Amino acid sequence: MEALFFSVLLCLSLMLTTTTANVRFYEFIIQAAPVNRLCMTNEIITVNGQFPGPTLEVRDGDTLVIKVVNQAIYNITLHWHGIQQLRTGWADGPEYITQCPIKPGGSYIYRFTIEGQEGTLWWHAHSSWLRATVYGALIIYPKVGSFYPFLNPSREFAVILGEWWNRNPIDVLRDSMRTGAAPNISDAFTINGQPGDLYDCSSRDTTVFTVGWGETSLFRFVNAAMNTELFISIAGHSMTVVAADAAYTKPFTASVLMLGPGQTTDVLITTNQPPGRYYMAARAYASARGVPFDNTTTTAVLRYKFTGCARSRRGLQPPLFPPLPAFNDTATAAAFANAIRSPSAVNLPSPVDEQLFITVGIGLFNCPPLQQCGGPNGTRMGASMNNISFVLPNTLSILEAYYESVPGVFDADFPRVPPIQFDYTGNNISQSLQQPVRGTKVYKFKYGSVVQVVLQGTNILAGEEHPMHIHGYQFYVLGTGFGNYNPIRDSGGFNLVDPPLRNTVGVPVNGWAVIRFVADNPGVWLVHCHLDVHITWGLAMAFLVENGAGRLQALQPPPIDLPLC
Ligand code: C2O
């Protein structure tokens, strides 16, 4: 049956190769593989034994058919981060949101078409903490006959930043869930899977990007780290930012980038320095005061190819090291984010039909009776949006429950505003405001609504920048700022001309971000902080977008192989 299905698809793809759009087939085997890092060998979960996983290189307009076979001991799902999944929510991937997980021994075929998107995205596991090792780049080239809005680069590199534990990350998570304490911080960051020269036993395998003198190359940065925002810099070279989250930007030069987990940034680098070796380095932007973080630095090497007379003394010396901002340099992080703009004036959707104001932050749960809890003052760590700490269903996905009208799986009463207004970013937030309420709640939109959301960070326990990601959509970021959002003062400063289009926005530490989009993709779309430690604690909710009346405004029916819970 499956073989037949695949041969039919194969014929279909052969028929289609004569046109410009392709159907591309992949097989992703989820399997454990031994990997040696930081002087020890760990069994990690991989795709096809590769770490990082395979890079998907496709074109806008292509249909991707990815058969995922789970040969690991864990449930898993995969998510195609930033892909809009127009009407194909069943292929989006977050477990218990759009599908039940693929069980060990099971399989599922993700099938979706890329419609009007190009640039750098990525894919990752969306189940438990498997994405610590299960991730890869997803590069979308322009359609045949269309081109980058900049000169064709000499070379292109995907640069995926990761976060590494000297343990099974699932065990790190399990320990923290048992006691309610914060999980252990990581042991290293990685660039394309390698920690680099500053860690023990790592220099031999340091990632090297080989370039020629006088070239301009495109570097596609992805922050795939679990829990850490990262500053990135390259010795001796400035970078010209040309895209973020698979949307082109007005080009600007930067000496340092800052990416939250989930975000991507494409830069052009002209290699016009004395031929030699130059470090690319990344380390934490840790905005939460007094909260422990991995303070290590990952490096890769930008190496000029030596051609005869270009060989110079620099090639023999140790690579130059770039300056990096201090771990708490919020001013640099904010300046970088605010420099990102759409290439030209955008057609901003208006007027706004739905206004939401959603707090995002940490919280604490009282310790259940007869238990020992590891959070502050014997509590359990929590997190919430509008004080609702999100709980995943476990019997059915929300999308299936909605599609098949199965009651009792979720509630559609996520509040439009916080249940209590308070000084969200103040210094001594009362204990009574620190405790969220658990729930599986969605907010429902009519098809085509123009939605504006204020995301307001809180200073409960410790304010922190939250990289907020919305599945199934790209949205305009109209503005960000510090303190409590004030509609009169702050809306005056909105960028209504060329706001950036993103899928993940950094809500500044003890600050706010305002976003706008049209709810024109029916389905159930997870909204969450991309720091996995926070999603684990409940910093998530979902948008439910109803079908429209038109033929192409309705969610497609579910695939026949959609996994059962
Ligand atoms: Cu990058 Cu919910 O995902």
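These legends describe close-up views of a predicted model. Local features are given only where pLDDT is at least 70 and side-chain atom pairs only at pLDDT 80 or more, while totals for chains, interfaces and linings use all residues. Residues are numbered from 1 along each chain as its sequence is written, and side-chain values use heavy atoms, with hydrogens and water left out.

**View 1. The disulfide between Cys-39 and Cys-201.** A disulfide is a pair of cysteine sulfur atoms within 2.5 Å, and here the two sulfur atoms are 2.0 Å apart. The bond links distant parts of the chain, 162 residues apart. Cys-39 sits in the loop between β1 (23-37) and β2 (40-47), and Cys-201 in the loop between β10 (188-191) and β11 (208-211). Strands (E, at least two residues) and helices (H or I, at least four) are DSSP runs, numbered from the N terminus. The torsion about the S-S bond is about 100°, so this disulfide is right-handed. Residues are called buried under 20% relative accessible area, exposed over 50% and partly exposed in between (1.4 Å probe, protein chains only). Cys-39 is partly exposed at 41%, whereas Cys-201 is exposed at 54%.

**View 2. The disulfide between Cys-100 and Cys-565.** The S to S distance is 2.0 Å. The torsion about the S-S bond is about -90°, so the disulfide is left-handed. This pair also links distant parts of the chain: Cys-100 lies in the loop between β5 (78-81) and β6 (107-113), and Cys-565 lies 465 residues away in the segment after β32 (540-545). Cys-100 is buried, with 1% relative accessibility, while Cys-565 is partly exposed at 39%.

**View 3. The disulfide between Cys-367 and Cys-373.** The sulfur atoms are 2.0 Å apart. With a torsion of about 85° about the S-S bond, the disulfide is right-handed. Cys-367 is partly exposed at 25% relative accessible area, and Cys-373 is buried at 14%. The count comes to 3 disulfides. With the bonded cysteines of the chain numbered in sequence order, the pairing is 1-3, 2-6, 4-5.

**View 4. Helix α2, residues 169-179.** Pro-169, Ile-170, Val-172, Leu-173 and Ser-176 are buried in this helix. Seen down the axis of α2, the buried residues fall within an arc of 160°, so they line one face of the helix. The arc is taken from the directions from the helix axis to the C-beta atoms. Arg-174 and Arg-178, on the other side of α2, are exposed. Helix α6 (532-537) is among the elements that cover the buried residues of α2.

**View 5. The two ends of α2.** Asn-168 caps the N-terminal end, with a side-chain oxygen 2.8 Å from the backbone nitrogen of Ile-170. Just after the helix, Gly-180 has a positive phi of about 85°.

**View 6. Domain 2 (155-339) against domain 3 (354-553).** The domain bounds come from an automatic or database domain assignment, which also gives domain 1 (2-141). The C-alpha centres of domain 2 and domain 3 lie 28 Å apart. Contact (heavy atoms within 4.5 Å) involves 31 residues of domain 2 and 29 residues of domain 3. The area buried between these domains is about 2200 Å², and carbon and sulfur atoms give 49% of that area. In domain 2, Asn-227, Asp-245 and Gln-263 lose the most area to domain 3, together 20% of what that side buries. Buried area is the accessible area (1.4 Å probe) that two parts lose on being put together, summed over both.

Note on methods:
Polar contact = N/O pair within 3.5 Å; in protein donor to acceptor, adjacent residues only side chain to side chain.
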